[in-house]
Amino acid sequence: MAVNGIDITVEPREVLAVVGESGSGKSVSMLAVMGLLPSSATVKADSMMFDGRDMLAMSASERRKIIGREVAMIFQEPMASLNPCFTIGFQIEEVLRKHLSLGKSERRKRAIELLTLVGIPDPADRLNSYPHQMSGGQCQRVMIAIAIACNPKLLIADEPTTALDVTIQKQILDLLMKLQEEHGMGLIMITHNMGVVAETADRVVVQYKGRKMEEADVLSLFENPQSNYTKALLAALPDNATGDRLPTIGDFQHQFEAASAVKTPPLEAPL
Amino acid sequence: MSEIVLQAKDIKRDYHVPGGLFAKAKTVHAVKGVSFSVEQGKTLAIVGESGCGKSTLARIITLIDPATSGELKIDGQTIDINKAALTPELRRKVQIVFQNPYGSLNPRQKIGDVLGEPLKINTNVGASERRDRAMAMLKKVGLSEEHYNRYPHMFSGGQRQRIAIARALMLNPRLLVLDEPVSALDLSVQAQVLNLLADLQDEFQLTYVFISHDLSVVRYIADEVMVMYYGEAVEYGTRDAVFSDPQHDYTKTLFAATPRADVESIRARVARKRAA
């Protein structure tokens, strides 16, 4: 069982960060929402509501109308998630063709508009470039352009900046926050970087081994973490190092292992 | 004052890209005249973004690539691998740990053989002695003897990085070059590996050249910091000097771009957002 009983809600215009180490099931729970898990996976949920509609009761074709249009996702490896055989213009227009009834020249216009929005210089020329002709940061911008092409209500960003340099990371995070604000999107930010959480999130969910350890608004999480696992994560940050040694998760393990083996402790409602 | 293990003066490295049918031949200046020195038992961190020449510099220090010009001294001895072949003795002095622990171990080699190989190639230590030393090193890096006969795929990322560190230490090097050793690891595993590196440095009086783009790690581990930008060292000084009073614009940009996880900056951000 990769994910076990996770409840997540995102309000419109809210940035929710899902934090955890590799293997904590943070990506899996979001892929389940998107319906992107392989057929070997069984997804069970009491309810999965998007914008007042029940995603579980929907047929596959109804679902496909929502996924990619109203809920969009960007992934960790920008180079790997773009198709190397097609120009980026084709790949942006593909989404528009699938979901919106725009004419050919309108699609072109919208693609240029999107590239301008995500800050790519010479957008009209760039439409004809292939992914390998662009840098990692630019590819991630293109991925964002594709994701926001149909003005989604919810954007899921799975480790959007992990593969990038800090200076580029800053630009991409700023871009995401700007777009989120301007379009009033809900944004789920999956990350293992506490710095990214601190800079972007309104509310944070901490996951460990497929269970939710803590949910809190960002300030109380950093100021006064409730769960022992969160305390361990924060203590392992080199910024918080006091003395010669960094505390590791192992030093705290006996405390929170016991907690996760039984039921997750009841959590207070987020502020 | 302790002795200087590594000294570099005006190191330059050019790569020549041969011309083709339509392209002219050109020269890429990957490293443009970098000088530094590291004392025994200290850590020099080299910081910069991808493409700034930090890995090229690592290859020069590790004696994998020759420098185009400049002087490299290890333990006071001038080394130029362009002129003289590398002796086993020199190879023993400098070792490297790479970024990706999934790529740097041969999947068909058992861990015991991974650790024994440097001894086999560079020394004439017998098989049973090699085995004993490998066992001892496994324990030193926090693994156990039962791991000796396992293959790399049976280990997690953090364990593999421990194995890569163990392999580098098999020859008792003076200088260890760490090329982004923790950037592929989770936060908690990163803490474990950083602790291990600190312990080993104390025990063996190792000298580290630590290459990273993560400033929080650098601030934790480094004694001296060098910031590189497009092949040049734009800032070089003690950790406290660089972090408290950065001189160059690029260093300032780098600091500004690093996400801050302290409560005050979160409070300020939340307040800004509420106000907007």
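Student: What makes E223(A) and R267(B) a salt bridge?

Tutor: A salt bridge is a side-chain nitrogen of Lys or Arg within 4 Å of a carboxyl oxygen of Asp or Glu. The closest N and O atoms of E223(A) and R267(B) are 2.5 Å apart, so the pair qualifies. The rule finds two salt bridges across the interface of chain B and chain A.

Student: How do you know which atoms and residues count?

Tutor: This is a predicted model, in which local features need pLDDT of at least 70 and side-chain atom pairs count only at pLDDT 80 or more, while totals for chains, interfaces and linings use all residues. Residues are numbered from 1 along each chain as its sequence is written, chains are lettered from A and ligands numbered from 1 in the order in which they are written, and side-chain values use heavy atoms, with hydrogens and water left out.

Student: What makes up the contact between chain B and chain A?

Tutor: Contact means heavy atoms within 4.5 Å. By that rule, 29 residues of chain B touch 36 residues of chain A. The two chains bury about 3,000 Å² between them, where buried area is the accessible area (1.4 Å probe) that two parts lose on being put together, summed over both. L187(B), P259(B) and R269(B) supply 20% of the area that chain B buries against chain A, more than any other three residues.

Student: Why is E215(A) called buried?

Tutor: Buried means under 20% relative accessible area (1.4 Å probe, protein chains only), exposed means over 50%, and partly exposed lies in between. E215(A) has 13%, so the residue is buried. E215(A) lies in strand β8 (residues 211-217) of chain A; strands (E, at least two residues) are DSSP runs, numbered from the N terminus.

Student: What makes the link between E215(A) and R203(A) a polar contact?

Tutor: A polar contact is a pair of N or O atoms within 3.5 Å; within protein, one must be able to donate a hydrogen and the other to accept it, and residues adjacent in sequence count only if both atoms are side-chain atoms. The side chains of E215(A) and R203(A) are at 2.2 Å, so the distance meets the limit. The side chain of E215(A) also has a polar contact with that of K212(A), at 2.6 Å.

Student: How do you know that β6(B) and β7(B) pair?

Tutor: Two strands pair if DSSP finds at least two bridges between them. Four bridges join β6(B) to β7(B) (residues 175-179), and the strands run parallel, so they pair.
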